[in-house]
Amino acid sequence: MPIQTETSIASQEYQISYAELMDLSPHSALLNFHVRHDQRIEHITARSKQSKACFKGCAYCCFFKVIADAVEIFAMVDYVKENIDPQQLDQIIVSAKYNIEEARNLSHEEQSTINQQCPLLIDNTCVIYPVRSIKCRNFHATDVSTCHASYNNPKDLTILNNNIPEVYIAAMGSGDGFMAALHNHGYDDRTYDHNAAFIEALENTDCKQRYDAGRRAFKTAKYDND
Ligand code: SF4
């Protein structure tokens with residue numbers, strides 16, 4: 001079977017997601033998308049000659065700058081409210097607010113040159129793993145030494161992780177297809193700073209109302225082009 005291009009996977013996912021969003025909420029469509037997305041990645045990874053070096057407990061990538069789309073942030077907040085105990089939630093809030101302050105006066109590029117532990121990483125485990133973002137789902141490496149090197153030298157932006165090209169292409173196309181469907185249904189598809197958007201969504205229910213009305217979901221959290 002020929003390898004699908006990023007564009008063909010994006011188009012396939014777009015059609016499925018666009019049709020689903022006629023009847024489903026963005027949240028329900030996202031959960032359905034996660035199943036298709038993970039299956040695509042698993043299928044292509046299994047057929048690849050290369051292997052991922054990622055393993056449970058390895059979390060170097062959870063110290064790199066994390067960004068997520070609005071619908072993903074709402075899914076994380078809902079998950080945390082339903083599944084995380086109050087003490088852990090306090091820990092997440094403190095950690096996210098620390099990251100926000102540390103990055104407050106840094107440019108996008110400068111933020112990529114510091115290690116910040118994702119607030120949702122507790123005891124080296126992602127506590128919202130089933131609803132982690134598309135970016136987190138897509139990230140992988142064939143050699144942990146590059147992740148380690150980047151973690152140890154965060155200012156060196158020339159260190160790139162080695163990924164499996166066909167998996168990367170499929171993952172990007174799949175995510176782009178879903179986000180394009182959301183966009184064409186009028187939903188905010190900006191990619192926001194994970195820490196600030198998470199806190200804003202947790203503390204202010206207006207974010208969700210703005211999102212449902214097709215407006216910019218977050219007022220203070222920055223997005224990629226801010
Ligand atoms: S959301 Fe989970 S997988 Fe993504 S950076 Fe945070 S801890 Fe890691």
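# Close-up views of a two-domain predicted model

**View 1. The boundary between domain 1 and domain 2.** Across the interface of domain 1 and domain 2, 2 salt bridges are found in this structure, which is a predicted model. On the side of domain 1 that touches domain 2, helix H2 (26-47) and helix H8 (165-184) each supply at least two residues.

View 2. Domain 1 is made of residues 1-50 + 165-188, and domain 2 is made of residues 53-163 + 190-226. The centres of the two domains, taken over C-alpha atoms, are separated by 21 Å. In the contact between them, 22 residues of domain 1 meet 23 residues of domain 2. The size of an interface is often given as the accessible area lost when the parts come together. For domain 1 and domain 2, the area buried between them is about 1700 Å², and 60% of it lies on carbon and sulfur atoms.

View 3. Glu13 and Arg36 form a salt bridge in which the closest N and O atoms are 2.7 Å apart. Because Glu13 lies in helix H1 (residues 6-20) and Arg36 in helix H2, this pair ties together parts that are 23 residues apart in sequence. Both Glu13 and Arg36 are buried. The side chains of Glu20 and Arg36 also meet in a salt bridge, at 3.3 Å from N to O, and this pair links distant parts of the chain, with Glu20 in helix H1 and Arg36 in helix H2, 16 residues apart. Arg36 counts as buried because its relative accessibility is 15%, a value under the 20% limit for that class.

**View 4. A salt bridge between Glu203 and Lys97.** Glu203 and Lys97 form a salt bridge, and their closest N and O atoms are 3.1 Å apart. Glu203 lies in helix H9 (residues 194-203) and Lys97 lies in helix H4, so the pair ties together parts that are 106 residues apart in sequence. Glu203 is exposed, with a relative accessible area of 52%, whereas Lys97, at 38% relative accessibility, counts as partly exposed.

View 5. Asn99 is part of helix H4, which covers residues 86-103, and at 4% relative accessibility Asn99 counts as buried. When residues up to four places away in sequence are not counted, Asn99 touches Gln116, Gln117, Pro119 and Asn195. With Asn195, the side chain of Asn99 makes a polar contact of 3.1 Å.

View 6. Most residues other than glycine have a negative phi. Asp123, although it is not a glycine, has a positive phi of about 50°, and Asn124, also a residue other than glycine, has a positive phi near 60°. Asp123 lies in the loop between strand E2 (121-122) and strand E3 (125-126), and Asn124 is found in the loop between E2 and E3. Asp123 counts as exposed, at 71% relative accessibility, while Asn124 is partly exposed, with a relative accessible area of 43%.

View 7. Cys147 counts as buried, at 8% relative accessibility. Cys62, at 22% relative accessibility, counts as partly exposed.

Notes. Residues are numbered from 1 along each chain as its sequence is written. This is a predicted model: local features need pLDDT of at least 70, side-chain atom pairs count only at pLDDT 80 or more; totals for chains, interfaces and linings use all residues. Side-chain values use heavy atoms; hydrogens and water are left out. Buried means under 20% relative accessible area, exposed over 50%, partly exposed in between (1.4 Å probe, protein chains only). Domain bounds come from an automatic or database domain assignment. Contact means heavy atoms within 4.5 Å. Buried area is the accessible area (1.4 Å probe) that two parts lose on being put together, summed over both. A salt bridge is a side-chain nitrogen of Lys or Arg within 4 Å of a carboxyl oxygen of Asp or Glu. Helices (H or I, at least four residues) and strands (E, at least two) are DSSP runs, numbered from the N terminus. A polar contact is a pair of N or O atoms within 3.5 Å; within protein, one must be able to donate a hydrogen and the other to accept it, and residues adjacent in sequence count only if both atoms are side-chain atoms.
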